[in-house]
Amino acid sequence: MFNRLFGKPKEQANASALATLDKLNETLDMLEKKEKVLEKKAAAELERAKEFSKAKNKRAAIQSLKRKKLYEQQIEQLGNFQLRIHDQMIMLEAAKATTETVDALRTGAAAMKAMQKATNIDDVDKTMDEINEQTENMKQIQDALSAPLGASADFDEQSKRDAASVQYSSVLF
């Protein structure tokens, strides 16, 4: 009763689907064998009808053709059964693929949820602040190391003033 209400466990459902596919394949094989036997019987009845026709036994020839027609009807019916089984197998395989896809999606969603629980926004903000602070410290260190010393510092200062006056004069004209 609980299985009808809540569904079967995944392993049991998979095993059931595989067992059902096996049963459908067995049934399909059995129907194909029956169809071959009936085709042989129909061919034999046709041959008998030809023999009776040659022997001028019209009544027996007609009876053989009627039996042949009955065999052909059974063959057609078996063909329809085979189509139904093929349809059922296709639907079952599609349902199995759908179930496996949904299970994979559930697993992915659970993994994402677990990852989100492990990382909260406050930790991310704190980490980003630390990175920005370290980046700023590194820039200050690099600026300090790249600053010119002594005579080159005076030369560098003069170059900056000359560049500024050139920019200012180009704005005026």
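Modeller: Start with E32, which is partly exposed at a relative accessible area of 33%. The classes go like this: buried is under 20% relative accessible area, exposed is over 50%, and partly exposed falls in between (1.4 Å probe, protein chains only). Keep in mind that this is a predicted model, where local features need pLDDT of at least 70 and side-chain atom pairs count only at pLDDT 80 or more, while totals for chains, interfaces and linings use all residues. Residues are numbered from 1 along each chain as its sequence is written, and side-chain values use heavy atoms, with hydrogens and water left out.

Colleague: Where does E32 lie?

Modeller: E32 belongs to helix α2, residues 10-54. Helices (H or I, at least four residues) and strands (E, at least two) are DSSP runs, numbered from the N terminus.

Colleague: How many helices and strands does the protein chain have?

Modeller: Five helices and zero strands, so to speak α-α-α-α-α when you read along the sequence. Of its 173 residues, 12% count as buried.

Colleague: How many residues does α3 have, and how far does it reach?

Modeller: The idea is to compare the actual reach with an expected span, which is 1.5 Å times one less than the number of residues. Helix α3 has 61 residues and reaches 90 Å from first C-alpha to last, close to the 90 Å expected. Its buried residues include I75, L78, I85, M89 and L92, and also K68 and D103.

Colleague: How many salt bridges does a search of the whole structure find?

Modeller: Six. The test is a side-chain nitrogen of Lys or Arg within 4 Å of a carboxyl oxygen of Asp or Glu. Now for the spacing: an α-helix has 3.6 residues a turn, so residues three or four places apart point the same way. K68 and E72 are a case of this, four residues apart in helix α3 (residues 58-118), about one helical turn. Their side chains meet in a salt bridge at 2.6 Å, N to O. K68 counts as buried at 18% relative accessibility, whereas E72 is partly exposed at 36%.

Colleague: Which residue forms a salt bridge with E100?

Modeller: K96, with the closest N and O atoms 3.8 Å apart. Both lie in α3, four residues apart. E100 is partly exposed at 41%, and K96 is partly exposed too, at 24%.

Colleague: How far apart in helix α3 are R106 and D103?

Modeller: Three residues, again about one helical turn. Their salt bridge has its closest N and O atoms 3.2 Å apart, and D103 is buried at 18%. Elsewhere, salt bridges that share partners join E45, R48 and R67 into one network.

Colleague: Which residues gather in a patch of negative charge?

Modeller: D122, D123, D125, D129, E130 and E133, on the surface. Patch members have over 30% relative accessible area and no salt bridge; like charges are joined within 9 Å, nonpolar side chains (Val, Leu, Ile, Met, Phe, Trp, Tyr) within 5 Å. Asp and Glu count as negative, Lys and Arg as positive, and His and the chain ends are not counted. Each charge is placed at NZ of Lys, CZ of Arg, CG of Asp or CD of Glu. The areas come from the Shrake-Rupley method. E130 sits in helix α4, residues 121-146, and is partly exposed at 43%.

Conventions: Areas by Shrake-Rupley, 256 points an atom, 1.4 Å probe, with all protein chains shown as cover.
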